[in-house]
Amino acid sequence: MAKNITPLALASVLTSFMTLPLIGCVATSEPRYIIDSETYQAQGKSERIKTIVLHYTVSDNDRSIKTLTTGQVSSHYLILSNDDDKIYNLVPESERAWHAGNSGFAGRTILNDTSIGIEIVNAGIKPEYRDALRNSELEYRPYEHYVEFDELQIKKVAQLVQDLVKRYDISPKNIVGHSDIAPSRKIDPGAKFPWERLYVDYGIGAWYDEFDKQFFMHPDEFAAATIPEIKQAFRDYGYQINDSDEWDKASRDVVYAFQLHFRPQRPTGELDIETYAILKALNKKYAGRDDFY
C-alpha cells in the first residue's frame, strides 16, 4: 500500500504527526494565576531593616573604594573624605551588604540580614599610636589615639541616617557602631565619632539624660550591684555579654565598646561608677523601646 501513497499525501501525514505534540502542549498548559496584593493585608509585620551600623574604613579614599567594591566586604553606603556633595550607594538597600560579620545586638544575630552598613573613610588610629598596645602595658586605646572625622562627613552621616530612620522606623538604640555589635573584634567608629553631637544637633541615636546619670551615681548602690545584675543591665540595653561572675576580657571588651559610644573621653574597659550610672540612665530612658520582631 505504501507504493500507492503520493508524495503530497505523505507530506500531509508527516505534518499531522509533527503538530500533534504542539497541540497536546497547548491543550494541557496550566492557567496563569494572579498575585493579589490588595484584597487582604496582614497586620503582623514590620520593616526588615532594624539596625544602622556605622564603621570607619581604616584607609584612604582610593583603598576604601577598592576594598568595598572588589573584595569580600561591602557596605550599603560609603562616605569619602572628599570635599564633594556625594554619598555613595554601593549596595542596594534591598540586598545584603557584608559589613557586620559575626555580630549581635538587641536580641539579633547575623546582623547583615537586618541592617544598613555605612562606611566612613577615616584612618582610625593615628600613625604614632598604631603599635601602642603591642609596645606598652595598655589594654585598650585611650581617646587621644583615635583620628577625628571631617565636619562634612558628619553632616553627610546625619542626613543619611535621618533619612534611613524615617523610612525604616529604626529605634534610636539600634543606631550603633561596629564595636557595639562585635566588641571583642572591632573598635570602630572609635572614640572620636560624635555620638552625643548627632543626638543633640540632629536627633539621631540614643543618649542618656544627665539628670538620670547623676541620680544613679550613688557609691552605695554601685557597690551593692552584683556582676550578674550589671551584665543583665548591659543585655537589657542590647549588648551581647557573657554570664560569668567576673569581669573577664570578653566582658571588659563590652564595657570598652559601651564607653567608646557613651563615655568616649575615658574609655578604659573598667566598669566604674560613671559607666554604671550611664548604663542605668539609658535603660531608664529607653526601657520598653526594643523591637525584636
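Helix H2 gives the most to the lining of the largest pocket, with 4 residues; helices (H or I, at least four residues) and strands (E, at least two) are DSSP runs, numbered from the N terminus. The model is predicted: local features need pLDDT of at least 70, side-chain atom pairs count only at pLDDT 80 or more, and totals for chains, interfaces and linings use all residues. Residues are numbered from 1 along each chain as its sequence is written, and side-chain values use heavy atoms, with hydrogens and water left out.

The largest pocket holds about 390 Å³ of space. On a 1 Å grid over the protein atoms alone, a pocket is an open set with protein on both sides within 12 Å along at least five of seven lines, a cavity is a set of points where a 1.4 Å probe fits but cannot get out, and lining residues have an atom within 4 Å of a point. Of the 22 lining residues, His55, Tyr56, Glu119, His178 and Lys186 are the closest to the centre of the largest pocket. Strand S1 (51-56) and helix H2 (61-70) each give two or more residues to this lining.

The second largest pocket has about 220 Å³. Its 17 lining residues include Ala191, Glu196, Trp207, Pro264 and Gln265, the closest to its centre. Helices H5 (195-202) and H9 each give two or more residues, and H5 supplies the largest share, 3 residues.

The structure also holds 2 cavities of 30 Å³ or more, a volume being the space filled by probe spheres set on the points, with grid points joined across faces, edges and corners. The largest cavity has about 40 Å³ of space.
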